[in-house]
Amino acid sequence: MAQVDTPLLVVMVPETGYQKLLTQKSIRESLPTISAIYLNQPWDRQLDFLRAALPERRKIGLLYTPDTRIDIENLRKKIAARGGSLIARPVQSADSLFSALESVLVNSTVLLAIPDNEIYSSSNFRNILLTSYRHNVPLVGISKAYVNSGALCAIFTTPEQLADQAGETVVLFARDGKLPAPQYPAAFAIEVNQRVAQSLGIELPTQDEMRA
């Protein structure tokens with residue numbers, strides 16, 4: 001990226017990854033125009049989805065590493081405005097992951113996953129799921145793959161939807177010569193795991209009800 005001087009549209013990366021990219025001086029100075037279409041959902045959409053799917057579960061657990069650069073206090077305010085509370089714990093190292101998880105689950109009624117490979121890696125995910133099940137706390141994922149692997153539900157944007165949005169952005173650039181500001185996905189999909197819902201004794205609304 002540091003070796004080109006053409007406008008660049010970054011797609012299918014989390015917002016935190018894009019912001020971290022911009023901290024690299026060589027890239028920031030070499031690119032005259034850079035923008036992004038994030039992989040993750042905006043917080044308002046994610047929180048509205050949680051409220052639609054699990055209206056009675058208002059204690060939201062969250063694990064994060066410092067690199068995610070989440071504005072915890074702003075997120076706490078958004079959740080409080082919807083009648084909920086946030087139980088967030090930082091994970092400083094791999095050794096502290098499961099003690100932080102236990103601390104979150106004891107006080108939470110739902111665990112919200114975020115795009116953070118240091119926490120939700122392939123080697124950790126199964127153990128995180130099993131631990132949350134033992135506490136009767138459903139995990140809400142970030143993709144269809146999470147739901148297929150045992151998360152209760154997820155709101156996410158498919159690669160096809162992101163491709164459509166990227167195509168539209170390129171067309172606008174071809175017409176105007178400008179890239180828009182970094183943006184969240186415009187379209188989204190919902191996936192649920194009814195088998196997990198039944199095992200946890202949770203009755204989920206229909207996908208159409210949640211989408212509405």
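Predicted model: local features only at pLDDT ≥ 70, side-chain atom pairs only at ≥ 80, totals over all residues.
Helix α8 covers residues 159-176, and at 1.5 Å a residue its 18 residues should span 26 Å; the end C-alpha atoms sit 25 Å apart, which agrees.

Now look at how the helix sits against the rest of the chain. Leu162, Gln165, Ala166 and Thr169 of α8 are buried. These four take up an arc of only 100° around the axis, so they lie on the same side of α8. What do the buried residues of α8 pack against? Their partners are two strands, β1 (8-13) and β2 (34-38). Turn to the other side of α8 and you find Glu160, Asp164, Glu168, Val171, Ala174 and Arg175, which are exposed.

On to the rings. There are four aromatic pairs in the structure. One of them joins tyrosine 120 to tyrosine 146, a tilted pair with 6.4 Å centre to centre and 55° between the planes. Tyrosine 120 belongs to the loop between β5 (110-112) and α6 (122-134), while tyrosine 146 is in helix α7 (residues 144-149), so this pair ties together parts 26 residues apart in sequence. Are these two tyrosines buried or exposed? Tyrosine 120 and tyrosine 146 are both buried.

Elsewhere, Tyr18, Tyr38 and Tyr184 are linked into a cluster by ring pairs.

Technical notes:
Residues numbered from 1 in each chain as written. Heavy atoms only, no water. Expected span 1.5 Å × (residues − 1). Buried < 20%, exposed > 50% of the residue type's maximum accessible area, 1.4 Å probe, protein only. Arc of directions from axis to C-beta. Contact = heavy atoms within 4.5 Å. Phe/Tyr/Trp six-rings, centres within 6.5 Å; stacked < 30°, edge-to-face > 60°.
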